[in-house]
Amino acid sequence: MPHHSQTRTNELLAAAQTGSVESLGELLQLYTNYLKLLVFAQLEKNLRVRVSPSDVVQETFFEAHRDFPQFRGHSSAEFVGWLRKILVNNLCRVVEQHVLAEKRDVRREVSLERLATALEQSTARLEAVIPDPGSSPSAGAHRREMELVLADQLAELPADYRDVIVLRHIEALPFDEVAKRMERSSGAVRMLWLRAVKMLRERLGARGLA
């Protein structure tokens with residue numbers, strides 16, 4: 001697993017802005033699991049079987065490569081914000097395609113504004129899962145680094161462990177709703193959640209992060 005150092009991220013961004021295609025590719029790969037997690041959190045269950053988070057993220061990376069000369073930021077925070085905007089557009093387009101394909105009521109079509117807001121909320125809840133490093137600029141950079149580490153660790157958990165944490169913490173659903181989504185009893189979901197959180201904390205603890 002790559003080590004997410006804020007210094008390394010900034011170095012890759014600076015190199016990419018001087019024209020290094022290799023550095024841009026390496027930089028984008030750091031955000032793979034983070035972006036997949038955000039996509040997964042926004043997809044309704046009926047769409048998860050047809051929309052691949054990996055496909056949405058790969059399309060986002062393709063457009064980021066193509067449009068990178070237009071990026072005017074100078075920090076990793078600005079870069080990830082730019083990536084999220086591209087992601088929102090791609091996710092909105094994919095979801096709308098499926099909504100229209102199912103001939104749903106036009107009022108249920110996805111709006112960019114609503115999806116962008118939901119994505120920001122997922123990001124905020126993702127931040128809430130990790131220990132609070134404070135409010136200084138360096139703390140903010142550390143938080144962004146931790147988000148990437150957390151997303152990578154979640155990606156390596158068993159699927160049901162990852163799903164229960166995403167539903168409970170990223171989507172902020174009550175246990176009864178999580179149980180419905182996972183088609184299990186509320187008691188079974190609570191036990192699954194306890195085991196999932198324990199494993200995640202152990203994985204983070206092994207890296208000195210919990």
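Modeller: Helices here are DSSP runs of H or I with at least four residues, and strands are runs of E with at least two, numbered from the N terminus. Read in that way, the sequence gives the pattern α-α-α-α-α-α-α-α-α-α-α, that is, eleven helices and zero strands. The model is predicted.

Biologist: How do you know which helix has the highest confidence and which the lowest?

Modeller: By pLDDT, the predictor's confidence in each residue, from 0 to 100. Helix α2 (residues 21-30) is highest at a mean of 95, and helix α7 (residues 112-129) is lowest at 67. Over residues 105-109 the pLDDT is below 50, and this stretch has five contacts in the model beyond near neighbours in sequence. Where pLDDT is low, the predicted coordinates should not be read in detail. For the protein, the mean is 81, and 75% of residues reach 70 or more.

Biologist: What span should helix α1 have, and how far apart are its end C-alpha atoms?

Modeller: Helix α1 covers residues 6-17, twelve residues; at 1.5 Å a residue the span should be 16 Å. The end C-alpha atoms are 17 Å apart, so the two values agree. After the helix comes G19, with a positive phi near 110°.

Biologist: Which residues of α1 are buried, and what puts them on the same side?

Modeller: Q6, T9, L12, L13 and A16 are the buried ones. Their directions from the axis cover an arc of only 125°, which is why they are placed on the same side of α1.

Biologist: Why is the contact between E11 and R8 called a salt bridge?

Modeller: The cut-off is 4 Å from a side-chain nitrogen of Lys or Arg to a carboxyl oxygen of Asp or Glu. For E11 and R8 the N to O distance is 3.7 Å, so the pair qualifies under that cut-off. The two residues are three apart in helix α1, which separates them by about one helical turn.

Biologist: Are E11 and R8 buried, partly exposed or exposed?

Modeller: Buried means under 20% relative accessible area and exposed means over 50%, with partly exposed in between. E11 has 44% and therefore counts as partly exposed; R8, at 36%, is also partly exposed.

Biologist: What makes D67 buried and R66 partly exposed?

Modeller: D67 has a relative accessibility of 18%, so D67 is buried. R66 has 48%, so R66 is partly exposed. Their side chains meet in a salt bridge at 2.9 Å, N to O.

Biologist: What makes helix α3 mostly covered?

Modeller: Nine of the eleven residues of α3 (residues 32-42) are buried, among them Y34, L35 and F40. Of the 210 residues of the protein, 44% count as buried.

How values were computed: Residues numbered from 1 in each chain as written. Predicted model: local features only at pLDDT ≥ 70, side-chain atom pairs only at ≥ 80, totals over all residues. Heavy atoms only, no water. Expected span 1.5 Å × (residues − 1). Buried < 20%, exposed > 50% of the residue type's maximum accessible area, 1.4 Å probe, protein only. Arc of directions from axis to C-beta. Contact = heavy atoms within 4.5 Å.
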